[in-house]
Structure formats: structure tokens, C-alpha cells
Amino acid sequence: MVAHVLRLRLALLFGGLRGSRRAVTRLVFVVTAMLLIAGGVIVGLLALRGHPYAPPLAIVGGAVLLGAASLVPAMGGIDDQLDPRKFASFGSSPRAVAWSTMLASLISIPIMILIAVVIVVAGNAVAAGAPVALTVIFTAMAVVTFVFMARTSMLIGTLWRAHRSRELTSTFLVIGIILVVPVIIFLASLDWRDGIPPAFAQVADIASLTPFGAVWAVPFAVASGSSLAGLYITIAVVTVLVGAIVWDIAVAYAMHTVDKPISVRERAGMGWFSVFPRTQAGAVAARSMIYWFRDRRYVANLVVVPIAAVAASLPLLIAGVPLGIVLLLPVPIMALFFGWIPHNDIAYDSTAVWMHVVSGVRGIADRVGRLVPIIVVAVPVLAIAIPISIAFYGRWAFAPALVGVSANLFLAGLGLSSISSVVAPYAVSRPGDSPFQQPQRAGSGVGAQSLVLLGTIAVSTPTILLAVKALTDDITKANSALWAGIGIGVFVLGVGIVIGALIFDRRGMQIMEFAEAT
């Protein structure tokens with residue numbers, strides 16, 4: 001079977017040149033782009049041979065490459081010419097199909113380009129003092145790891161294809177922005193004139209401890225006599241073994257899976273409901289996403305948050321506070337307001353909240369589903385704003401503290417908002433009204449607004465104090481602020497969701513009465 005699949009792979013490879021003019025043009029353009037990028041990387045690596053820059057750049061670049069291999073094929077919906085499900089009708093065993101197609105996938109232009117780059121990386125490792133045999137083994141293992149990750153991701157994307165929608169594509173685009181933009185900002189802000197920046201060296205050390213970077217770090221670690229070389233070898237070997245097992249299981253599952261036919265009209269009409277799981281929380285999340293992105297009252301709240309954050313920071317600049325410190329403040333302020341926004345979410349439903357009550361939606365599903373839209377909006381904004389602020393501040397060692405404070409304020413705000421929105425909802429402008437129109441009804445809700453804001457700041461005080469300590473005195477407190485912020489934030493979020501869910505289950509009738517009265 002292996003020989004048949006290999007011949008099929010060669011036929012498909014050369015068959016790409018016999019397609020339509022548009023397809024051939026697109027193929028030539030893509031291959032040319034890959035060759036130019038690979039050529040630039042190879043030239044750069046050759047220029048850095050024996051240079052101290054080479055190890056961290058190779059490790060970080062290799063980790064990014066493997067990370068992209070595990071995400072891009074699934075997110076981009078790349079066609080798999082050797083889709084294992086196409087062999088199901090021939091009666092072949094899943095294991096034979098899995099390893100035949102895996103071997104055949106090595107015959108491809110991207111893999112050939114990768115092998116060329118890996119050979120140059122291996123030369124750099126040998127120039128740094130790594131043993132030749134070990135370098136050959138682990139650079140070959142890097143290629144195998146790449147193939148496992150890319151093929152598995154491509155198979156997952158194929159299984160998702162029947163459920164892809166514009167909303168799912170938008171979600172993948174947002175994830176890509178979250179991953180790429182902070183990296184670009186980070187690299188652009190570093191000073192490379194005096195050698196490898198300490199922040200980049202630290203990133204290389206962290207990447208070496210991950211399944212994406214360990215295999216690249218092994219030769220350089222052995223060459224430098226690092227005590228962590230054994231750990232890197234273990235991580236790299238385990239990663240390959242896990243990749244092989246996952247690939248074998250994924251192929252067996254795919255070959256016994258038949259997609260349910262979904263018409264184009266049905267797929268387009270499902271919208272966000274096709275993205276989220278078919279559960280109560282998924283249905284609430286999908287409905288909330290539709291409301292958030294179509295109701296101008298929600299949009300107005302989201303637009304006001306960055307403006308309010310900048311406006312709150314300007315007086316400090318006028319008062320003489322250094323610009324770098326002032327530029328750190330808008331991020332925590334945005335996190336605070338993002339967490340505060342859902343504190344009156346039920347009121348924005350107007351009478352639509354009856355669907356949740358009469359259909360018996362559990363409180364936990366309602367609380368969790370309602371938080372999804374603000375998380376989808378806030379996380380990308382904060383993920384981009386944090387590295388921008390740190391870049392202007394000029395000290396990346398403080399980044400963990402800023403992440404911790406922002407996470408604490410945001411997550412704790414969501415937790416307290418989950419309680420407030422069901423305990424003390426207050427009247428807002430009706431659907432279709434101006435978002436700035438003041439409702440002429442009783443109950444201003446000032447108490448609920450203030451309690452959520454003040455409560456969020458109160459529970460975040462320990463993290464804020466650690467961040468201030470890191471900013472003014474001991475930078476090592478930045479990591480403490482990170483873990484304290486995440487820990488406190490997750491705890492308050494979990495407690496808030498549970499309490500809010502219990503209250504929602506008990507106050508169904510009162511919520512209905514509130515919706516009717518307002």
C-alpha cells in the first residue's frame with residue numbers, strides 16, 4: 001500500500017501543474033513566496049553561523065514554526081490531498097492508511113523547503129559545538145514533529161469543514177491576531193544593537209521547555225553543556241511519541257466518521273449557533289453574540305471603554321507623571337471596565353430573557369453563556385494593548401505584572417457582574433433606542449454599578465500592590481503579580497458564576513417581572 005500511496009502522492013504533486021491557469025498561477029505564487037522566505041532565513045542563518053545570536057533565534061523561530069504547523073492548517077481550512085477518509089472505501093486498515101499517508105506527505109514542496117532550512121540549522125548547531133550524530137537525529141526529529149503536527153491539524157480542519165461558517169472564520173482570524181500582533185510588537189520594541197536582548201533570551205529559554213521548542217534546543221543545549229539538556233531531550237522525544245499516537249487515533253476516528261450533510265443555506269443560516277456546542281451554555285453564548293454585535297447599545301459600551309481609559313489617564317500626564325508609567329494605566333482601566341460591562345446584562349435582554357426562564361435554562365448555563373461575547377471582545381483588545389504599553393514603557397520584565405493586574409480586574413469584574421446582573425438589574429434604554437437615552441423609569445442602578453467597580457478593585461488590591469512593588473522597587477515581584485492576578489481572578493470568577501447561577505435559578509419569576517416592568 002505504501003508504494004501505491006507514494007505513486008499517488010507524486011501524481012498529485014505534478015498534477016498541480018496541469019490545472020486551470022488561475023490554479024497554476026496561484027500555486028506558482030505560493031511556492032515562490034515560500035522559496036523567498038526560506039531563502040532569506042537560510043541566508044540569515046548562514047550569516048549567523050557560530051554567532052551567539054544563532055541558538056536563541058533558531059529555538060524561537062523553530063518554536064513559532066511548529067506552533068504555526070499545529071494551528072494554521074486547521075484554522076485556514078487547507079485542503080488535504082491525502083485525506084485518510086478517502087481511503088475508507090478500499091478496505092484498508094486505519095493504521096496502514098495513517099502511516100502510508102504520513103510517509104507520502106514527506107514528498108511535498110513545503111517539507112523539502114523545511115528540510116533545507118533544518119540542514120542549515122543543524123550546521124549552526126555543529127558550529128556551536130554540538131555532536132554531529134545527535135544534531136542529525138534531533139533535526140530530523142524536528143521535521144517529523146512538524147509533519148505530525150501539520151497533518152493532524154489538517155485532518156482536524158477537514159473534519160470541521162462541514163461546520164465552517166463566516167463566524168468560525170472570524171473567530172480564527174481573531175485568534176491569529178491575538179497570537180501574531182503581540183509577537184510583532186515585542187520583537188519591534190527590542191534593542192538588538194548590544195547583542196541578544198535579555199527579554200528575547202528569556203523567551204528562548206521558555207520556548208525550550210515547550211513541545212514546540214525543545215527539539216530545536218537539544219543540540220545547542222548539549223553544545224553549551226546546559227544542565228537542562230536531558231529535560232529538553234525528554235520533552236522532544238515525548239512530543240514525537242504523543243504526536244504519533246494522536247495521529248494514529250485521529251485517522252482511526254476520521255475513517256469511521258461520516259459527515260452529516262448540511263446544505264449551504266442551512267450552514268449560512270445557523271451563524272454563531274454553528275460555532276458553539278449544542279448545549280444550553282452554547283445556545284446562550286450564540287444568542288448573546290448575535291445581540292452584542294447587532295445591538296448598538298452594546299457597541300456603544302464597547303467603544304466607550306478605550307476612550308474612558310485614555311481620558312482617565314490624561315490628568316496624570318498633566319500632573320507630571322512620567323509618560324511611560326501613564327501609558328501603562330489605560331490597560332488595567334480597560335480591563336476593569338470590560339469586566340464591569342456585563343453587570344446589567346439581563347436588562348439589555350428586555351423581554352427576551354423569558355426564553356431563558358420558560359425553557360428551563362440552568363443558571364450556570366445562563367451565567368457562562370452571557371460572558372462569552374465580552375471575553376471574545378476583551379481578550380484580543382487586551383492582548384494587543386498590553387505589549388503596546390510595555391513597548392512604550394520600555395521594560396518587558398514588567399509585562400507579567402501588567403498581565404496579572406489586567407487579568408485580575410477583568411476576571412473578578414466578570415465574576416461580580418455575574419452576581420450583580422441577576423441580583424440588582426436596573427432599567428436601560430430599550431432595544432432600538434439611542435444608547436445614550438436615559439430611561440424614564442425608576443431604579444437608577446447607581447448602587448449596583450458602584451459596588452461592582454469598587455468590589456473589583458478591592459479584590460484586586462493584592463495584585464495591584466505587587467505590581468506597584470515591581471514597578472517601583474523589586475522587579476522580581478512581577479511574576480508574583482502575574483500568578484496572584486490569575487489566581488484571584490479565576491477564583492472570583494468561579495465563585496461569582498456559581499452564586500449568580502444559584503440566584504438565577506431562584507429568581508426566575510422576579511426576573512420576568514423586572515423585564516415586563518421595564
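Reader: Which helix gives the most to the lining of the largest cavity?
Author: This is a predicted model, in which local features need pLDDT of at least 70 and side-chain atom pairs count only at pLDDT 80 or more, while totals for chains, interfaces and linings use all residues. Two helices (DSSP runs of H or I, at least four residues, numbered from the N terminus), α18 (363-393) and α19 (399-423), each supply at least two residues of this lining. The one that gives the most, with four residues, is α19.

Reader: How many charged residues are in the lining of the largest cavity?
Author: The lining is made by Pro342, Asp345, Arg367, Arg370, Leu371, Leu414, Ser417, Ser418 and Ser421. Asp, Glu, Lys and Arg count as charged. Next to three nonpolar and three polar residues, the number of charged residues is three.

Reader: Which helix gives the most to the nonpolar patch?
Author: Leu71, Val72, Ile175, Leu179, Val180 and Ile184 make a nonpolar surface patch of about 480 Å². Its members have over 30% relative accessible area and no salt bridge, with nonpolar side chains joined within 5 Å. Two or more residues come from each of α3 (54-76) and α7 (166-189). With four residues, the helix that gives the most is α7.

Reader: Is Leu179 buried, partly exposed or exposed?
Author: Leu179 lies in helix α7. Buried means under 20% relative accessible area, exposed over 50%, and partly exposed in between. Because the relative accessible area of Leu179 is 43%, this residue is partly exposed.

Reader: How many residues of helix α15 are buried?
Author: Helix α15 spans residues 330-340 and is mostly covered. Among its buried residues are Pro330, Ile333, Phe338 and Trp340.

Reader: How far apart in space are Leu336 and Thr456?
Author: Residues are numbered from 1 along each chain as its sequence is written, and side-chain values use heavy atoms, with hydrogens and water left out. Leu336 lies in helix α15 and counts as buried because its relative accessibility is 12%. Leu336 and Thr456 are 120 residues apart in sequence, and their C-alpha to C-alpha separation in space is 7.5 Å.

Note on methods: 1 Å grid on protein atoms, 1.4 Å probe; cavity = no way out; pocket = protein on both sides within 12 Å on 5 of 7 lines; lining within 4 Å. Patch = residues over 30% accessible without salt bridge, like charges linked within 9 Å, V, L, I, M, F, W, Y side chains within 5 Å. Areas by Shrake-Rupley, 256 points an atom, 1.4 Å probe, with all protein chains shown as cover. Salt bridge = Lys/Arg side-chain N within 4 Å of Asp/Glu carboxyl O. Buried < 20%, exposed > 50% of the residue type's maximum accessible area, 1.4 Å probe, protein only.
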